[in-house]
Amino acid sequence: TTLFRSRALAWDATSGSLVVPTTMARSLFDVLEAGIAGFRMGATQLTTSTGENMLLPKLVTHGVGTQVAGQGTTLAGSDAAFGNVPLNVYKYGQLVKVANELVSDAAFNIESWLGGDLGYALARVIDADLIVGTGTGEPTGYTLLAGAGTNAPVKTGGSLIAPTVEKYIDLQYSVNDQARQGAVWLMKDSTAGSIRKLRDGAGGTVGAFLWEPSLTAGLKDGTPDRFLGAPVYTDTNCAAQGSNAIVATFGNPSQYIIRTVGNPVIERDDSVGFASDEAWFRGKWRVGGNHRQVGYLNNIIQNV
C-alpha cells in the first residue's frame with residue numbers, strides 16, 4: 001500500500017486511479033483560502049452544484065418615497081430599478097507529474113507538499129482574475145468597476161508619498177455612507193509600505209504614524225492592520241504606484257460575489273504515466289466573480 005492510498009477523497013471511474021489523501025485536500029484548500037484575497041477580505045461566497053451561466057439580480061437605483069402634503073393626498077414615490085450582471089464560472093486547473101519513487105520513498109510529507117503546490121498554482125491565477133479580470137472570458141475583477149478615473153484623482157504631493165492622506169480621506173467619503181460600514185482597503189504591498197510611513201503632522205512627515213498595526217496580522221483568523229480606521233488587505237495583483245494606476249480600492253467587499261462550483265477537486269491517475277512509472281495529479285476548480293451593487297466601492301487613480 002502506497003502513501004496515497006490511505007484515504008479516498010474523490011473517485012471517478014472514468015479517469016483511472018484517482019485515490020488521493022485527505023491531507024492533500026486540506027493543504028490545497030488552506031492554500032486557496034490564504035492566497036485568494038476575496039476570501040480573506042470577506043467577499044460573499046456563492047456555491048452552486050452545477051456551472052451553467054447565471055444572471056445575478058442587481059439593484060441599479062433605490063426607490064424613494066415622498067412626503068404626504070395633507071389628508072387625502074395620493075401617495076407617490078419612485079420605484080426601485082433593477083438590472084442583472086453575469087456570474088458565470090471559468091475552469092482553472094493545474095497538472096503535476098511525480099515519480100513513483102518520490103511518492104513511496106519521500107522522507108517528508110509529500111502529500112501535504114503536493115496539495116500546497118497545487119493550491120498555490122490555482123490560487124495565483126484565480127486571484128489575479130478576481131482582482132483585475134476584464135469580465136470577458138474571465139471573472140469581472142474586484143477593482144475593475146471600482147468607480148471611474150475621475151473619482152478621487154490623486155495628485156503628486158507630500159514628501160513621503162504621493163498621494164496624500166487627504167486624498168485617501170476623500171476616497172473614503174466618495175463611497176456612500178451605508179457601504180462605509182464594513183468597508184476595507186485593498187492595495188499592493190509596496191503601496192501599503194508607503195502609506196505606513198505617513199504621520200499626522202507637517203504634511204505627513206512628523207508626529208504619530210497614522211497606520212494602526214495589528215499584533216495578529218498574517219496569522220490564521222488574525223485581524224489585519226488598519227488605516228484611517230478601516231482594515232487593510234494587500235494583494236500582489238493590485239497595481240503599483242504610477243501614472244493612471246489604481247493604487248487603492250475602498251469599499252464593502254461583501255458586495256462582491258465569488259461563485260464556485262462545488263469544492264476544489266484533486267485527482268490522481270497512474271495510467272497515463274505507466275510506461276515512465278509516474279503518477280499524475282491534477283487540481284481543478286470552477287470559479288467566477290462580479291459586483292452585485294453600485295456605489296459601494298471606489299478607487300484612487302494616481303496621476304503623476
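Tryptophan 285 is buried, since its relative accessible area is 5% and the limit for a buried residue is under 20%. The model described here is predicted. In this model there are 8 aromatic pairs. One of them joins phenylalanine 29 and tryptophan 285 in an edge-to-face arrangement, with 6.3 Å centre to centre and 65 degrees between the planes. Because phenylalanine 29 belongs to helix α1 (residues 22-35) and tryptophan 285 to strand β16 (residues 278-291), this pair ties together parts that are 256 residues apart in sequence. Phenylalanine 29 counts as partly exposed, as its relative accessibility is 22%.

## A cluster of rings

Tryptophan 185 and phenylalanine 227 also form an aromatic pair, and this one is tilted: the separation is 5.6 Å centre to centre and the angle between the planes is 50 degrees. Tryptophan 185 is in strand β7 (residues 184-187) and phenylalanine 227 in strand β11 (residues 226-227), so here the parts tied together are 42 residues apart in sequence. Both tryptophan 185 and phenylalanine 227 are buried.

These two residues belong to a cluster linked by ring pairs, made up of Tyr168, Trp185, Trp211, Phe227 and Phe250. A ring also takes part in a contact of another kind: the charged end of arginine 199 sits over the ring of phenylalanine 209, at 3.9 Å from the centre of that ring.

## Helices α1 and α4

Helix α1, which carries phenylalanine 29, packs against another helix. The axis of α1 and that of helix α4 (residues 110-132) come within 7 Å of each other and cross at roughly 30 degrees. This angle makes α1 roughly parallel to α4, because angles under 35 degrees are counted that way. The crossing of the two helices is right-handed.

On the α1 side, the residues that meet α4 are Thr23, Met24, Ser27, Leu28, Val31, Leu32 and Gly35. Their partners in α4 include Leu114, Gly115, Gly116, Leu118, Gly119, Tyr120, Leu122 and Ala123. Among the other α4 residues in this contact are Glu111, Ser112 and Asp127.

## Loop residues

Alanine 240 is in the loop between β12 (230-234) and β13 (245-251). With a relative accessibility of 39%, alanine 240 counts as partly exposed. Leaving aside neighbours within four places in sequence, the contacts of alanine 240 are Lys188, Ala245 and Val247.

Phi of leucine 228 is near 55 degrees, and the residue is not a glycine. Leucine 228 is placed in the loop between β11 and β12 and is partly exposed, with 26% relative accessible area. Aspartate 277, another residue other than glycine, has phi near 55 degrees. Aspartate 277 is found in the loop between β15 (265-269) and β16, and is partly exposed with a relative accessible area of 36%.

## The protein as a whole

The protein has 304 residues, of which 42% count as buried. It contains 7 helices and 17 strands. Among its contacts with a separation of 6 or more, 72% are between residues 24 or more positions apart.

Methods: Residues numbered from 1 in each chain as written. Predicted model: local features only at pLDDT ≥ 70, side-chain atom pairs only at ≥ 80, totals over all residues. Heavy atoms only, no water. Phe/Tyr/Trp six-rings, centres within 6.5 Å; stacked < 30°, edge-to-face > 60°. Helix = DSSP H or I, 4+ residues; strand = E, 2+ residues; numbered from the N terminus. Buried < 20%, exposed > 50% of the residue type's maximum accessible area, 1.4 Å probe, protein only. Lys NZ or Arg CZ within 6 Å of the ring centre and 35° of its normal. Axes fitted to C-alpha atoms, helices over the stretch in contact; angles between N-to-C directions. Parallel < 35°, antiparallel > 145°, perpendicular 65-115°, else oblique. Left-handed = near helix turned anticlockwise from the far one by under 90°. Contact = heavy atoms within 4.5 Å.
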